[in-house]
Amino acid sequence: MLSFFKYIFQNKKIYFLYPRENIDILVFGRINLNLNVGKKIKIFELNDQVYIPILLRSIIKFLKGFDKSLKEIYFQQLVKSFSPSIGIGDEINKNIFKFKKFFPNKLAIGYQIVNRSNLTGNNTEQKKKLDYFLLFNKKAKKYYKDIDAKFLISGSLKNNEKPLKNKKKIFDIMFISEFRPKVFEKIKAENGQKNKLIQGIKKNFYNHIESVLGVIDSVAKEKKLKICIALASNRTEKKKQNFRQKETNFFLNKIKNISLPNDNSYELADKSHLVISMWSTLGAELFAQNKKVLFVAPKFHKSIYWDFFPGKNGFNWQQDLKKKEIKKKIIKLLNTNEKNWDKILKVYKYGISFDKKNKLLKNIITKKINGINKK
């Protein structure tokens, strides 16, 4: 119980009243999905809110009987208070699976939020049931053998809601930061073997990023390019971790003449001619919108790589750290006009899908809501 209270009050928003009204869709997630489904459909994103009256009621129920954990009881009471007919959530947050377990008659829609590569593997856990599970692409299905659902290809839901607007270009290159304070600082491991593995990943992670930044710096000086960094600390779900200063210092030590704007990553990408991405899902999301992206994603560990590249290296992807090759590709892509870029995309169509404004998901939602209203 103590661990539950520590979890529930850590970096949470505390409310002393019940939720005001019932809603149609309850969204669980570690990120802001910002799903626009129109004014007639009421939607609520449940992320870090704690409702004290519901918590007190859950404690009373828990003390009366121990058939469920306090965490499970609180979750059930919380969902009941909103009375949604649809639940939506990602596979990392996992609350969507609890939603379907405790409310089997409600519609549960899960969605992929990160590149799985072989991180998931052949899961031996008992299968988790959902009605639908939305994938980045066809290849991703093999990583979700532990989910029993109807699989649909929709791309990234977050990305689908943020179509680029083709703004006036200010920067030549935007580099996507993958700075994480817990990775860049000392990591405690459970045992010596795991510690050795983590430190090896960290070392390569550092070295690869620094190598790529060195190439970008060289090209920028030679061609007098304007470089900006899409800072991870600017992301909504990362701001509460408060590591902007550490991240800023890291990049300023690698490249002197760079811009570190407060713009969100999508706005910044819209203002840049070329995006350079390493292992970030954002790079794949932007490429799904036909944005000019160079992937420099060397395989330095079996669990950290993109599996959708057609070959080891190609016109806009590089899976090693040959600096001359990376430099040539940066210059070539910067000199590729939009017309030629579109022609290239027709030949090399890979990555993840793009469903502008999530038409597929919204069609499922509309059918469900209309079905309920007809009863």
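**Close-up 1. Lys221 and Asp217 join their side chains in a salt bridge, with 3.3 Å from N to O.** A salt bridge here is a side-chain nitrogen of Lys or Arg within 4 Å of a carboxyl oxygen of Asp or Glu. This is a predicted model, in which local features need pLDDT of at least 70 and side-chain atom pairs count only at pLDDT 80 or more, while totals for chains, interfaces and linings use all residues. Residues are numbered from 1 along each chain as its sequence is written, and side-chain values use heavy atoms, with hydrogens and water left out. Lys221 and Asp217 sit 4 residues apart in helix α7 (residues 192-223), so about one helical turn separates them. Helices (H or I, at least four residues) and strands (E, at least two) are DSSP runs, numbered from the N terminus. Lys221 is exposed at 59% relative accessibility, whereas Asp217 is buried at 15%. Buried means under 20% relative accessible area, exposed over 50%, and partly exposed in between (1.4 Å probe, protein chains only).

Close-up 2. Lys327 and Glu222 meet through their side chains at 2.6 Å, N to O.

**Close-up 3. Asp131 and Lys100 form a salt bridge of 2.9 Å, N to O.** Asp131 is in strand β7 and Lys100 in helix α4, so the pair ties together parts that are 31 residues apart in sequence. Here Lys100 is buried, at 13% relative accessible area, and Asp131 is partly exposed, at 26%.

**Close-up 4. Phe133 and Tyr144 make a tilted aromatic pair.** Rings of Phe, Tyr and Trp (its six-membered ring) pair if their centres lie within 6.5 Å; planes under 30 degrees apart count as stacked, over 60 as edge-to-face and the rest as tilted. By this rule there are 26 aromatic pairs. In another tilted pair, the ring centres of Phe99 and Phe103 are 5.9 Å apart and the planes lie at 35°. Phe99 is buried at 0% relative accessibility, and Phe103 is buried at 10%. For Phe133 and Tyr144, the centres are 4.8 Å apart, with 45° between the planes. Phe133 lies in strand β7 (residues 128-135) and Tyr144 in the loop between β7 and β8 (147-153). Both Phe133 and Tyr144 are buried.
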